[in-house]
Amino acid sequence: MATDSGASEPPLHKVQSVLDSDYGYPHGHLGYLAEHETEALDAFKKLAEEEELYKPGTPPSHDDTVLLRYLRARRWSPAEALKQFKDSHVWRKANDLDILYHTIELDSYEQSRRMYPQWTGRRDRRGIPLYLFEIKQLDSKAVAEYERVGNTSTFSKAKSDGKTPNGLLRLFALYENLTHFVMPFCSQLQDREFAGTPITMTTNIVDISGVGLKQFWNLKSHMQAASQLATAHYPETLDRIFIIGAPVFFSTVWGWIKRWFDPITVSKIFILSSHEVEPTLREFIDPKNIPKKYGGELDFSWGQLPTVDPAWDGIVEWAKGHSSFPTGPHVWREIDDGKKMECIGVGQVNGKQREERICIVHKDNVWGGQSLCRTETRDAAPLEADGEVAKLSEEVDDLALSEPEVKEKAAEINGSAGTPVSPAVPA
């Protein structure tokens with residue numbers, strides 16, 4: 001069993017999810033739009049074009065997958081979706097989100113990656129990427145240090161609006177990675193039921209075992225701030241959250257904890273008691289993709305980089321020196337007249353820009369570009385990373401897999417060692 005259970009364990013409730021209805025995935029997504037939803041998408045495009053926020057064409061300035069996320073978030077109201085879309089556009093521009101993602105220092109990115117939900121490299125039964133988040137080591141001191149370092153260091157070439165804390169801005173490099181890299185990649189994998197529908201959401205396992213009441217309360221402001229920004233600017237990127245390992249008091253305090261999040265996010269949460277963990281996860285996720293700790297077969301522990309999925313065989317062609325995805329931000333670019341996509345590692349190492357080919361995949365018609373701003377295409381010429389940058393990049397990757405006792409080396413390369421903590425859950 002994934003979690004120990006005492007005989008006197010009180011029953012925990014499962015939050016009713018909107019996904020149990022006929023309106024969950026893939027309904028409301030490309031290929032599964034009702035007539036009124038198609039009409040709403042057309043009206044939204046027209047409004048956005050009038051506001052000079054959207055340009056039609058081949059390709060358009062924004063993919064339908066992006067626009068549909070805003071429409072689903074605003075219950076198919078084009079006017080309401082436009083308002084949120086415009087607010088996101090202003091926020092992204094004011095904080096140079098694209099520059100931040102492409103120029104973030106790898107050590108800062110890795111520190112953030114260890115703080116927030118991590119992609120396991122695997123997917124649920126519908127092909128939606130599976131993220132894991134363990135928070136038992138989370139404490140207010142770790143979060144305060146993370147935010148302090150973010151607020152007092154220069155970790156990218158991006159400017160900020162002066163309103164969004166720099167400590168939180170690093171978090172959104174991870175959301176950019178989700179939309180620029182993970183979702184498009186998972187969209188390309190065809191071993192799923194709705195293979196013609198691009199992937200635009202995530203499934204999350206959130207382990208709160210060993211977390212005390214004081215910890216929950218101390219994290220309140222951080223959780224609220226992160227969740228509010230994510231919900232506002234990365235809407236409808238969450239499909240399910242499975243909360244497991246809940247302490248005995250959790251059912252009592254859930255009433256005030258859920259007020260930290262918006263109602264739509266709350267509706268997607270499943271709170272599982274220990275005897276529900278394994279059967280429920282297996283219902284939604286193949287056992288081979290569930291970490292062993294939770295009753296599955298996957299060798300994956302908190303802090304690891306994404307594990308290579310056998311389903312990638314014959315699809316991913318690794319570049320020289322790579323056999324898995326390293327740490328850091330990645331983007332996909334078209335090559336060979338659009339027949340293939342190459343994965344490029346970007347970001348900076350000690351101020352030097354990284355531009356490194358990680359792999360190539362053959363492009364399928366399903367390819368789902370999720371990002372708000374497209375990345376330019378390149379020719380098919382192989383990219384060779386700068387020798388010094390590549391060497392330092394490898395050191396950061398090694399640290400991503402290292403044990404706690406290597407903190408001194410981490411501090412030497414990264415400037416300050418990060419603790420894998422944070423309460424933010426994509427929403």
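Reply: Begin with one residue and its surroundings. This is a predicted model. Setting aside neighbours within four places in sequence, Phe181 is in contact with Tyr101, Trp119, Glu176, Phe325, His330, Trp332 and Cys343.

Me: Which residues touch the most other members of the largest nonpolar core?

Reply: Phe181 is one of them, along with Trp119, Phe172, Phe185, Phe325 and Trp332. The core has 47 residues. Elements giving two or more residues to this core are helix 4 (97-103), helix 7, helix 9 (220-233), strand 7 (330-335), strand 8 (340-345) and strand 11 (356-362). Helix 7 supplies the largest share, 13 residues. There is also a second, separate core of 38 residues, with Ile205, Ile269, Leu272 and Val277 among its members.

Me: What can I learn from the length and the axis of helix 7?

Reply: Compare its span with the expected one, then look for a bend. Helix 7 covers residues 166-188 and reaches 33 Å from its first C-alpha to its last, close to the 33 Å expected. It also has a kink of about 40°, centred on Leu178.

Me: How many salt bridges does a search of the whole structure find?

Reply: The general idea is that side chains of opposite charge can pair when their charged atoms come close. In this structure the search finds 26 salt bridges. One of these joins Glu110 and Arg113, whose closest N and O atoms are 2.9 Å apart.

Me: Where do Glu110 and Arg113 lie?

Reply: Both are in helix 5 (residues 106-113), three residues apart, about one turn of the helix. An α-helix has 3.6 residues a turn, so residues three or four places apart point the same way. Glu110 counts as buried at 3% relative accessibility, and Arg113 counts as buried at 9%.

Me: Which salt bridge links distant parts of the chain?

Reply: Take Arg126 and Asp239, whose side chains meet at 2.5 Å, N to O. Arg126 is in the loop between strand 1 (118-123) and strand 2 (129-134), while Asp239 is in strand 4 (residues 238-244), 113 residues apart. Asp239 is buried at 0% relative accessibility, and Arg126 is buried at 14%. The two also belong to a network of salt bridges that links Asp124, Arg126, Asp239 and Arg240.

Me: Is Lys293 buried or partly exposed?

Reply: Lys293 is partly exposed, with a relative accessible area of 37%. Lys293 lies in the loop between helix 12 (274-284) and strand 6 (316-318) and Glu134 in strand 2, so the pair ties together parts that are 159 residues apart in sequence.

Me: What does Asp207 touch?

Reply: Leaving out residues up to four places away in sequence, Asp207 touches Lys293 and Glu134, and also Phe133, Ile135, Ile244, Gly245 and Tyr294. Asp207 is found in strand 3 (residues 202-207) and counts as buried at 4% relative accessibility.

Technical notes: Residues numbered from 1 in each chain as written. Predicted model: local features only at pLDDT ≥ 70, side-chain atom pairs only at ≥ 80, totals over all residues. Heavy atoms only, no water. Helix = DSSP H or I, 4+ residues; strand = E, 2+ residues; numbered from the N terminus. Expected span 1.5 Å × (residues − 1). Bend = angle between axes of the 7 residues up to and from the residue. Core = buried A, V, L, I, M, F, W, Y, C linked by side-chain atoms within 4.5 Å. Buried < 20%, exposed > 50% of the residue type's maximum accessible area, 1.4 Å probe, protein only. Contact = heavy atoms within 4.5 Å. Salt bridge = Lys/Arg side-chain N within 4 Å of Asp/Glu carboxyl O.
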